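Q: I am new to reading structures like this one. Could we go through it together, one feature at a time?

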Amino acid sequence: MVDDVFDEVGLKVENLHASYGSVEVLRGLDFEVPAKGVSVILGANGAGKTTTLRAICNMCDTTGSVVLGDEDISRTGTAEIVRKGMAHVPQGRGTFPELSTLDNLMVGAYTRKDNEVKDDVDRWFEIFPRLAERHAQMAGSLSGGEQQMLAVARALMCRPRLLLLDEPSLGLAPLIIEDLFERFITLNKETGLTMLIVEQNANLALDMADYGYVIESGEIALHGSADQLKNDPAVQEAYLGA
Amino acid sequence: MSGSLVVVAKNSAEHKRWKYVQWAYLAGFLLLTPLVLEPFEIGKMNRALIMGVAILAVNLVVGFNGMLALGHSAFMGIGAFVTASMVQDENWDYWQVLPVVLIVGFLMGVIIGLPALRVKGLYLALVTIAQAAVFPTLVNIDELGIAARTGGPNGKGVSEEVIAPSYLEWLPGVDGARGGSAYRFWIIVLMVGITMLLITNYLRSRPGRAVLAIRDNEAGAAVYGVNLPIAKTMNFAISAALGSLAGLMWCLDKGFVAGQDFTFLLAIDLIIGLVLGGVGTLQGGLVGGLFVVWVNDLTKRISVPLGLYTLNGDGPLAKAIFGLILILFTFFAPGGIVSLWRLISTKLIHVVPLTPSGTPIEPLEGFDPGMESNRADTAMKMSIAGPVLLGVGWLLMNVNSLIVGVLAFGLRMTILLAPVAMLVGTNELKAHAEGNRPDSVKGPATMARNLGALGFLFVIGYALQRFILTY
Amino acid sequence: MTWNFDILPDFIFNGLSLGAIYGTVALALVLIFKATTLINFATGELAMLGAFLVYVLHMEQGIWLWLSMLIAMGLSAGLGVLIERTLTRPFDPADHLPVVLITLGLFLIINAVAGDIWNYQVRILSNPFGKFPSWVPSVGGDRFIMVFGSRLKYQSLGIWVTLAVALFVLGLILNRTKAGLAFRAVSSNVDSARLVGVHTGRTLGFGWAIASAFGTLGAVLVAPQLGGVNPNMMATILIYALAGAALGGLDSLGGAVLGGIMVGLIQAVAVTWGGVVVFGQLYMSILQLAAAFLVILIVLLFRPSGMFGTRRVERV
């Protein structure tokens, strides 16, 4: 379907199936995520967006191949996949509510063995000063936006090659969402971090992304560059509210 | 062999025939138990049935409501002591104590259940395990006349013996020497039957359905207007009343109750019986009761010499064997014996449910393997295997070894499958007459039908012979 | 009724030292509950097995008592890891029944095997805090010192110090090591822990290891109070520890210790001393276990999350 469209591929997924019990949610997905780029997955509720990210991290029953860089990770355990450079910010943030903000970040660096962890913590505290203010507070007592920042910072603490973001805008006020997405863009431009974002807010996501996929009922219905998708009448009608 | 040997529509003539066979087996089991077994073995059967009622009580909470209850030994104890005290000290009759025991058990269930069931999680397990541990110490308290009522550490005996009145002496087994335990067997069977009927209806009633809904999805049930704490507590209280009923039956059967009979170990026995029988099935309790009592009996007789060390089942290790059985079942047969039996029986017979208009939801022809059918061969093998295994079992019976004895018993029981062979043989012949089978099917099918019928006749004849000889 | 306050400190000291032991065992329960929301009913039997290991190493093999304790704690930690790996990991942690059944099965097996090896007689195990060591200046006697006119036993002091040291070490492990951080992360959110690269299985095994070691410590400390070790020694201790854990909050480590101590005090002061005051006899001690049961009921009635537990909100 998509064959080597990009110069360098960060993640390549072929014929990915996933199911919960007897219910098949993904029915053979093929897609690629360009290295150093931002890709976005759009789709309605229940289309299988979250499951796609979970399947990539081997958190549900899957078949098919998932290749990170040049390594097949479709049979690798979740914890090992993280060690290979994949970071995943799950839907609903998934912070550790009973751990302090600082400890949340430290857990994020769990897989690292170098001694620059402290420097990284300082760096993220600089980028997200609100987190620095609340470094000793339990994560469960942070506001929604702060928790989302914490979740992103925690994911970045493992110095990933690829960052998966599952609906980062969920439950946040519009101003905070814009701020958050600007930070994502800066991050991508400055560090060249590859990103794959699942988003319901299609306008925002397509503004930011280089490339996009639309999932319907567990299959890729459309794909193309962000501009192409923005101008596609079907996408406009279904997702952009035009 | 793929699919089932016999496919019948629900309530069709064939299905009814199959059901009659099952009822006949049950009736045979019930009628022969008090006749064939020795009095002490009838006593074990009684105990098994009593345990069955108690396990059913635990099942109401664990299997049907998804909460963990580990303290039903205490409810049994309460029922037993109330009965012993009322019968011995106040000269009440057992049937007069029955409502009292049910009410006391129900109230205890409310008292214990309400605090624990208001909150989600393992709190009921926490309370009930403490309850099981505390109960045996409470009966020893001298104050408030408790020890006087319960007999304290010595236990309490009931001097009035349960003897059949003259107008009931016609019951099978109720006469002369073995009269006592056989009469109690009939009382207990009657009580078990009524209990099973009531509980079946309870689970089909509105509150019963609420209880099942809570097990499957607590939040979902709440959204549909089920008051979680009330529904759970009522269910727990009913279960506690049922546990107390088992206690009454215990007292009625043994005529003696003591605190050390109702310890945490009894509570664990109930849980083991539940898992062995089948969590969340109505029959599971009775099956589990039978197995707990008889497996316990068997392990006690195990003695395996291993060089210098003798593995002795008649000691602490009996409990270890139970623990091992519990873990093995949890791993390999989480549905218990009942689900294993269902697995086998779906291989034998498949009952297709009906639509409201009375036609099968799937046409029976859809299950028919047609010309490729090898059902007749399987049935023939089954009809031959039954008598052969019966014979082998008969020969092995004389070997004086526990394990071989159990094996021999199991082998002899395979003859009970004879009616299946007969049914399949008849069906295949019918299909052949309709031109739906090759001619080669005729031989094995006829053989399966005839041999199966012979086997079934033998079972009936044997049972009748035993019945008439001893009755 | 005479309020005999002269003997009250005796009971308080006794309650505090019993309570410290309950707290230790409660800690073993809570460590596993926090990570898996499961109650390990085999906690007491694992602890008993640990105490018997000390018995074998120290009384039979003559190894120094404290070294025996360390070895036994290490061995029971290994057993804990083994049990987690082989018996509990295959099951879905959200489904409580199978794992509880497994721990009940373990309860039966360990108890029976211990009964088969060592039979059910009480066997004397040396008291780690029998007599003051010779370098301590004598202040009253060689087994106690006088405080408020009552005898404060060396044994009680020893138990408190041991528990304090053990808690300090546990705090260091949980808050200062990577494994401890991972354990706290898994306890807080299993899925997220996996997503930051934590091996959840190994981490739970680590939790079982610490819990088993703590249980063993509790069993060794309680043995002298029971006259020695026997396979049924932990049966009632486990109930007190459960009451303590419920009182403190099933998911609070500090709460477990404080809850255990409070149950010890309730048992010694409210029931036993109170009984002596009201009835002039010691027979109320029969109600000690009932008191633990009442504590659990009352906690559930008024504050199900315990004194220090967090209220969990169930999502649909």
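Q: How many residues of chain B are in contact with chain C?

A: Two residues are in contact if their C-beta atoms, placed from the backbone, lie within 7 Å. Here, 38 residues of chain B touch 37 residues of chain C. This is a predicted model, where local features need pLDDT of at least 70, side-chain atom pairs count only at pLDDT 80 or more, and totals for chains, interfaces and linings use all residues. Residues are numbered from 1 along each chain as its sequence is written, while chains are lettered from A and ligands numbered from 1 in the order in which they are written.

Q: Which helix gives the largest share of the side of chain B that touches chain C?

A: Helices (H or I, at least four residues) and strands (E, at least two) are DSSP runs, numbered from the N terminus. In this case α5(B) leads with 11 residues. At least two residues each come from α4 (94-117), α5 (123-138), α11 (264-277) and α13 (317-332) of chain B.

Q: What is the order of the strands in the open sheet of chain A?

A: Strands pair if DSSP finds at least two bridges between them. The six strands run β6-β7-β8-β3-β9-β10 (chain A), with mixed pairing. At the edges, β6 (86-89) and β10 (219-225) of chain A each pair on one side only.

Q: How do β9 and β10 of chain A run, and how many bridges join them?

A: They are antiparallel, with six bridges joining β9 (residues 211-216) of chain A to β10(A). Look for A:Y213, which stands opposite A:H223 in β10(A).
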